[in-house]
Amino acid sequence: MRFSRMLIPTTKETPNDAVLTSHILLLRAGFIQSIGSGLYNFLPLGKITLDKVRQIVKEELDKAGCNEVHLPIVTPITLWEETGRADKFGKELLRFKDRHENNFVLSPTNEEAMVNLVRQTVKSYKQLPLNVYQINWKFRDEVRPRFGLMRGREFLMKDAYSFHATTEDMEREFALMEETYKKIFTRLGLAFRVVEADSGAIGGAGSKEFMVLADSGEDTIMVCDACDFGANVEVLSEDEKVCPKCGGGLSQTKGIEAGHIFQLGTVYSEPMKAEFLDEDQKLKPFVMGTYGIGVSRLLAGIIEQNHDENGCVWTKESAPFLVDIIVAKAKNEEQMAAAEKLYAELQSKGVDVLLDDRADKKTGFGVKIKDFELIGIPYAVVIGNDVSEGKVEFITRDGLQKESLSTENLVEQILEKLA
RNA sequence: CGGAGUGUAGCGCAGUCUGGUAGCGCACCUGGUUUGGGACCAGGGGGUCGAAGGUUCGAGUCCUUUCACUCCGACCA
């Protein structure tokens, strides 16, 4: 993409209503725009980044054998009445009527809708196990939305639901999802911890949260210094000093809940009469698991964990572009030609590259380099005066290290550095 | 939902106490000069001052009501 053709409204000034670093930076760098309490427009950079994160989540789930589907965001409240959650969810559930005076809700989560989908189509143990998911917008009418994408009212969430004939098989899937989540968070370049969690209103036998480690996190967790044990303070009393798993020392830290996996059992399938015929010819309720990832929240989490005083520092797999080609003087024909050549070559190699070709007189080198730092693209190639001597500058965003590269075999040198 | 604030140009703010022609910075447009770290000079466009009602000769400013947004807390798959 060419910078000159993209809508990237970066700003020098900090918006007055943002407090959290990720919120400030995502606004200033032109990724998102506030439209109401807890509601955000995703601008081109934000949309690209969101899609990248979404794609990683999808790829890993598909590898693990999950089926992607798409459910309506609007669901009849009658589904929610089947499990009693129409009452239990309270005001967080946004309700409204259609023109025929029928009651609907904006889905905050989709257990009922997904159980309904499966009970209509799965009748035999031979069709199990089954893991069905969607990556779709959710709406929760939060009492107090805050912190930008961290706690919005409308947010993108991956929600998966697995269906099994036995508890043992559900536990196998639960373990598989834990491993799959670890792959996703690792690919995204995040420092995270899997912790024992409270199953809360959702019920079920056990649950684990995936915590992105960040001081600004809303959750307090206890982690073992010796092994990989961790727990939310909700389930492990704050005064515990010894790891229940290995006896090591426990320390307290903050985390952002970005994923949560639950062993559900039959708490939804029983009231909704979602049953299959087992090999002993008996009707049994599905044994279920449910697995969530806050996709839009991950964007905030990535920035909370990866930024400096100059702006965002996206990880390689989440970045909207991998390389920013900065033309120091876009009116200089030699520089522009060299930049265009590199742009075409990198594109042909499949690299996501942004060409900062802005040539208006107000957008000098300083503006371009500041935008590069604020947006947080992992690498920049500066094509400036030295190009006439066969040299360009290569910048790594994380740490802002600079080095000079020869224009000979430039693409190969760059590809090597990107690897 | 309790507590505390804020609404004035796209963004950040002053002006409100003490009523008298709507301001500043950034951004934007035009021309010129600049050109490797968010340039400079000159000119210019953009506002029913969140909304409604009231007081007044006159309201951004005073009064009443209302809406929105933010922060702290409680809440939270």
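Predicted model: local features only at pLDDT ≥ 70, side-chain atom pairs only at ≥ 80, totals over all residues.
Me: Why are helix 1 and helix 7 called roughly perpendicular?
Reply: The axes of helix 1 (residues 21-28) and helix 7 (residues 295-305) cross at roughly 105° and come within 8 Å. Axes are lines fitted to C-alpha atoms, for helices over the stretch in contact, with angles from 0 to 180 degrees between N-to-C directions. Roughly perpendicular covers 65 to 115 degrees; the two helices therefore receive that description.

Me: Which residues make the contact of helix 1 with helix 7?
Reply: T21, S22, L25 and L26 of helix 1 meet A300, I303 and E304 of helix 7, where contact requires C-beta atoms, placed from the backbone, to lie within 7 Å. These residues comprise four nonpolar, two polar and one charged. Nonpolar denotes Ala, Val, Leu, Ile, Met, Phe, Trp, Tyr, Cys and Pro, charged denotes Asp, Glu, Lys and Arg, and polar denotes the others, Gly among them.

Me: What makes strand 20 and strand 23 edge strands?
Reply: Five strands form an open sheet of mixed pairing, in the order 20-19-21-22-23. Strand 20 (353-356) and strand 23 (401-406) each have a single partner strand, so one side of each lacks a neighbour in the sheet. From one strand to the next, the twist averages 20°.

Me: How do you know that strand 21 and strand 22 pair?
Reply: Pairing requires that DSSP find at least two bridges between the strands. Strand 21 (residues 379-383) and strand 22 (residues 391-396) have four, in the antiparallel sense, and A380 has I395 in strand 22 as its bridge partner. Strands themselves are DSSP runs of E with at least two residues, and helices are runs of H or I with at least four, numbered from the N terminus.

Me: What is the order of the three-stranded open sheet?
Reply: The order is 4-6-5, with antiparallel pairing; strand 4 (74-76) and strand 5 (95-97) are the edge strands. Three bridges join strand 5 to strand 6 (residues 103-106), and K97 stands opposite N103.

Note on methods: Residues numbered from 1 in each chain as written. Chains lettered and ligands numbered in written order. Parallel < 35°, antiparallel > 145°, perpendicular 65-115°, else oblique. Contact = placed C-beta atoms within 7 Å.
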